[in-house]
Amino acid sequence: MDANEKALYDAMVACKVPGIIDAVNAADAAGMAPTAIIDTMAGAMSEVGVLFERGRIFLPHVLSAAAGMNKAMEILGPKLSKDGSVAARGLVVMGTVEGDVHDIGKSICSTMLQCAGFEIHDLGRDVPLGKFIEEVKGGCNFCGMSALMTTTMTGMKTVIEMMKTEGIRDKAKVMIGGAPVTQAYCDKIGADIYGESASETTEKAKAVTE
Amino acid sequence: MAVAHGLCSGMGGMRTTGDLVCRMQFAKSMKIADAKKYVADKLEIDPFQLTEENYVRDIREQLGMGVVTGQPNTPKGMPAKMNIEKVLGIEISSCEHFRQQVLRN
Amino acid sequence: MVVDYVTRMGDGRRVRLTKEQIMSDIVAGMSDGVDAACVPELSQDELDHICEVVCDQSKITSIEAGKEVVLSKDAGAIKFNQDNGGSGNAMPCMGRLEGILVYERAFGFDSMELAWMDYSVKPVKSIINCETANYEQMALMTTIPLIMGAMPNLGLYYAPDGPHPNPTDLMREFKIEESMASSEAAAEQLIKDIHYTCQEIEKVGCEGYNFDTVASAGDAEFYATLKGIEDYRKMNPNAYIECGMSAENVLGIHGQMEYDGKILGGMYPHEQVKVVEKAGANIFGAVVNTNTSKSFAWNVARSAVITKECVKTAKIPVHANMGMGVGGIPMCELPPVDITGRAAKILIDIANIDGI
């Protein structure tokens, strides 16, 4: 990691917007490629997620880092594309499945994914299973489902079956998580990504897009 | 799950003296060793005997502190708790409430 | 010849590992716990003892006679009635009094709580007069310590269940100050509800209260619970108060909530117990989460190193949460009996817990 990369990384992990903007401007002025700046910041954002889960920093810090990253995108956007816009990594529908009202973990996962550059359609909790299908048909290429109960996690399997019936299984990567959900369950129902934590889910989703 | 913990690690509640030790944790925030010693001293037994079912069963019966099996004329519930208060030297809120109700007229 | 041992993964699956693999997982799990909670490492003797217990191939492994601990219970007897989502047995015929007496006289439990099916402070508040009348009757028949219990569950005070906007949703919209204000307002409401509930149970001589699954909605919930405990302690200096956590660290959803001058977000069990003590609780319920992708050896060593520091720091007794997915127990609907005893033995021998 060179000096510019380190300054960017440290500014992101410090979670202060002015410091992040200063580091981006300095890296840009020093001739660092915009894509390299964004890659460095994205790497630091992963570290921010882990620090949050370990209790070293708190949600407002995560959002400050994300806000800093958004500002960086505004600065670097014109250099990245002709129209100045920056494409999202992916379009994600997120929700706690029908019958289940536990949404704190899911909401944190949505936040982490948003911070990593995904566009999020968070449908909240107790989401009718058909809504996930509608969102995938509407263009979401990631379908994230959460459940906290063994009685409701079966809804995830139903959604996958519905996707197959509708002929749209290959349109979206299915991500599942929540306390009773495991890698073995993910394999059993044919989901694509199991996330033990919000940061692990985000890392696995990012890996799919890279 | 609860039964497994009871079998593998639990003191045994009313089968032995687990409820008394637990009551001292709740009443005086005593750590397990202190709570065991306190109860053993009050019962005038060795702490190791606190989980010796048949030995402490007779002590419980004698002191009217409630035994786990059904036995007529042996206190359970409120009268047993009032005897526990005396033996352990503590006041139990539910017993105090009962006394207030009985004595209010 | 390489000998392997049957053990479990964190999701409950059976797996065969060599002693070397088990010891390697124990060291890795302990190191992860040390790193996460910033606590001292276990000694080589302690690591060897964990390995010995994990490698013991008996179906049931139990604690040495004389080292037994006491048991306290969350959710009272409602597990008998609930469905599998709450690890319940769906026995609609089992009343709560019968359930409590089964725990007292058949299971040999050391204490018990009266819990309402909708196990949160907010719904219990609405039916508290029913609960107090029931408690008064049940207290006549039971001998073991009988307290009330519910989860503070601050989530119920946020939209769509409550009047306050969801702080996490506000955060995603970068409305950080509004999010923090919403958490603070909801916490104040929870404090009032805890006060009202405790005030009512006091009227019937209730022996105490178990605040269960605390901080599930983060630091604001922990703050409200601590203030609620403090208030209840002032109401009744003799009340039996237990405070059991929901996870190993307090999520900093707000980030600046403080109690006794300490930031609550990010606290691990050895730090949590100090503020719980200060608030006036008698028993602390420590939690260490299970990682389903790691082995039992990894999880239980991690649990032991974090819990040990908590017990060492605590002046009050510590009961380790050892149910589905916590305290080294696998995260599965039917936690294996062979693991339950091993996990408890390790936490009693190594972490010196006062109860489960």
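**View 1. Glu242(C) and its bridge partner Ile283(C) in β9(C).** The strands here are β6 (residues 240-245) and β9 (residues 283-286) of chain C, which pair in the parallel sense over three bridges. Two strands pair if DSSP finds at least two bridges between them. Strands (E, at least two residues) and helices (H or I, at least four) are DSSP runs, numbered from the N terminus. The model is predicted: local features need pLDDT of at least 70, side-chain atom pairs count only at pLDDT 80 or more, and totals for chains, interfaces and linings use all residues. Residues are numbered from 1 along each chain as its sequence is written, chains are lettered from A and ligands numbered from 1 in the order in which they are written, and side-chain values use heavy atoms, with hydrogens and water left out.

**View 2. The open sheet of chain C.** Six strands line up as β3-β4-β5-β6-β9-β10, with parallel pairing. β3 (112-120) and β10 (318-320) of chain C stand at the edges with a single partner strand each, so one side of each has no neighbour in the sheet.

**View 3. The salt bridge of Arg54(A) and Asp32(C).** Their side chains meet at 2.6 Å, N to O. A salt bridge is a side-chain nitrogen of Lys or Arg within 4 Å of a carboxyl oxygen of Asp or Glu. The rule finds four salt bridges across the interface of chain C and chain A.

**View 4. Where chain C touches chain A.** 37 residues of chain C are in contact (heavy atoms within 4.5 Å) with 32 residues of chain A.
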